[in-house]
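Subject: Structure handover

Hello,

I am passing the structure on to you. Please look it over before reading my notes.

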Amino acid sequence: MDFDLMITSFPKLLGATVITLKLLSASLFFGLFLGLFFAILRLNNNIFINKFAYGYSYIFRGTPLLVQIFIIYFGLGQIEYLRTTFLWIILKEPYWCAIIAFTLNTGAYTSEILRSAFQTIKPGIIEAGKSLGISNKIIFYKIQIPIAIRQSLPAYGNEIILMMKGTSLASTVTLMDLTGVAKYIISTTFKPIEVFIVAGGIYLFMTFIIHNVIKYLEKKYSFQ
Amino acid sequence: MELLAFGKTGWGDELFYATLMTIAVSVTAMLVGFIFALIFTPLKLSKYKSLNLIGNFYTTVIRGVPELLVIYLFFFGGSGAIMYVASIFGYYEYIEINAFITGSMAIGIISGAYSTEVFRGAIQSIDKGQFEAAKVLGINKYGQFYKIILPQMLRLAIPNLSNVWQITLKDTSLISVTGLVEIMRQSYIAAGSTRDPLFFYSFAAVLYLLLTYVSMKLINKLEVRYSRGY
């Protein structure tokens with residue numbers, strides 16, 4: 001055990017954690033809206049809209065996140081037309097490519113979580129709203145969405161943790177996030193165990209925090 | 001399309017073998033995972049606190065740390081650890097472990113943590129009366145587990161194990177960083193040499209979709225088989 005290395009690498013890894021957290025929060029923020037949008041499409045009765053939303057979630061859940069990042073970062077740059085548009089400003093940056101890939105990925109999982117949450121809402125609740133003369137729009141925004149969010153909290157908590165682990169793939173497109181820096185230190189010092197303990201410890205600490213925040217929210221918004 | 005031709009002109013045969021490699025790594029990793037689950041599930045269900053602690057430590061650490069970090073640990077630390085053990089026995093030459101073994105061990109340990117949770121959940125959701133009835137009927141411990149608990153447990157575990165299989169299958173793409181030539185690595189090589197990454201990575205995505213689709217169909221059949229009588 002090389003304790004000196006563990007102590008000296010800790011601040012470096014902690015600095016890299018900031019990038020991990022930035023990637024995580026940005027992709028979760030955009031992913032939540034994307035997920036909600038596609039969950040609503042899934043509940044649509046039109047078979048084409050429905051199938052489109054299903055296809056989106058099926059493709060992004062059925063392929064590895066690594067493939068998605070590589071298609072967006074390496075693949076899209078190949079299209080000549082894209083290079084001339086303003087989109088290229090975003091797509092040439094690995095940081096934004098990673099966020100786009102993570103957003104699309106977490107959006108697919110979130111849409112499934114929210115869809116099942118919407119479907120488990122008892123019809124009686126919606127009927128009660130209707131019989132009280134509340135408009136469909138208000139029923140949706142003020143009754144269905146809050147219940148669905150509460151319903152999906154446990155599953156969404158898991159998704160946040162999965163996404164946090166997913167951000168480690170940003171290191172494959174040259175971003176120096178927590179895993180990227182850990183790999184760099186390992187490959188220069190050849191002390192994998194020490195670095196793994198420190199970097200893994202930081203990840204576990206984040207998992208612990210996320211887990212407890214979700215647990216607190218579940219308790220706070222429970223029906224009982 | 002000529003990019004996918006078999007033979008020397010295209011990448012078809014290379015990608016085909018790479019797909020077989022992905023399947024081989026996933027299956028090996030899944031089996032390694034079952035071995036780990038077999039060890040750690042009893043620990044998690046044990047009445048002794050210290051054994052529980054070991055089981056919980058394994059599942060919490062592995063499920064809370066990114067897969068890529070675990071793979072780097074095995075990739076950079078694997079041969080070092082083996083060489084250390086060998087040095088105790090007086091062997092000091094450099095030992096290099098095969099990328100297939102490192103990869104399937106790393107993914108296997110990850111998949112084992114998920115399988116452990118699945119088995120624990122399945123055993124816990126079997127009605128207590130089943131255990132008691134088996135005991136009352138005087139069936140020995142072996143029979144209790146293999147003839148009564150296991151068949152019921154499998155029925156409950158299969159839907160969740162199919163999720164674990166999907167996770168494992170997708171995680172094998174991460175082994176490409178160690179240089180093992182599976183779908184992702186082969187696409188990377190092909191994309192580099194033809195300068196057509198969009199096509200090859202999209203094709204890799206199609207291959208993964210195909211693998212997940214086919215395995216889902218097969219698992220659904222298993223599910224029907226094990227739900228007979230319900």
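Below is what was found in it.

This is a predicted model, in which local features need pLDDT of at least 70 and side-chain atom pairs count only at pLDDT 80 or more, while totals for chains, interfaces and linings use all residues. Residues are numbered from 1 along each chain as its sequence is written, and chains are lettered from A and ligands numbered from 1 in the order in which they are written.

Chain A has 10 helices and 0 strands (DSSP runs, numbered from the N terminus: H or I of at least four residues for helices, E of at least two for strands). Of the 224 residues in chain A, 38% are buried (20 or more other C-beta atoms within 10 Å of the residue's own, C-beta atoms being placed from the backbone).

Helix 6 of chain A covers residues 94–119, and its end C-alpha atoms are 37 Å apart, which agrees with the 38 Å that its 26 residues should span at 1.5 Å a residue (1.5 Å times one less than the number of residues). Because 21 of those 26 residues are buried, helix 6 of chain A is largely enclosed by the rest of the structure.

The largest nonpolar core has 106 residues, of which I69(A), V70(B), I71(B) and A204(B) touch the most other members (such a core is a set of buried Ala, Val, Leu, Ile, Met, Phe, Trp, Tyr and Cys residues joined through C-beta atoms within 7 Å). Helix 6 of chain A gives the largest share of this core, 13 residues.

The contact between the chains takes 32 residues from chain A and 27 residues from chain B (C-beta atoms, placed from the backbone, within 7 Å). On the side of chain A that touches chain B, the largest share, 8 residues, comes from helix 10 of chain A.

Regards

Note on methods. Two residues are in contact if their C-beta atoms, placed from the backbone, lie within 7 Å. A residue is buried if 20 or more other C-beta atoms lie within 10 Å of its own, exposed if 12 or fewer, and partly exposed in between; C-beta atoms are placed from the backbone.
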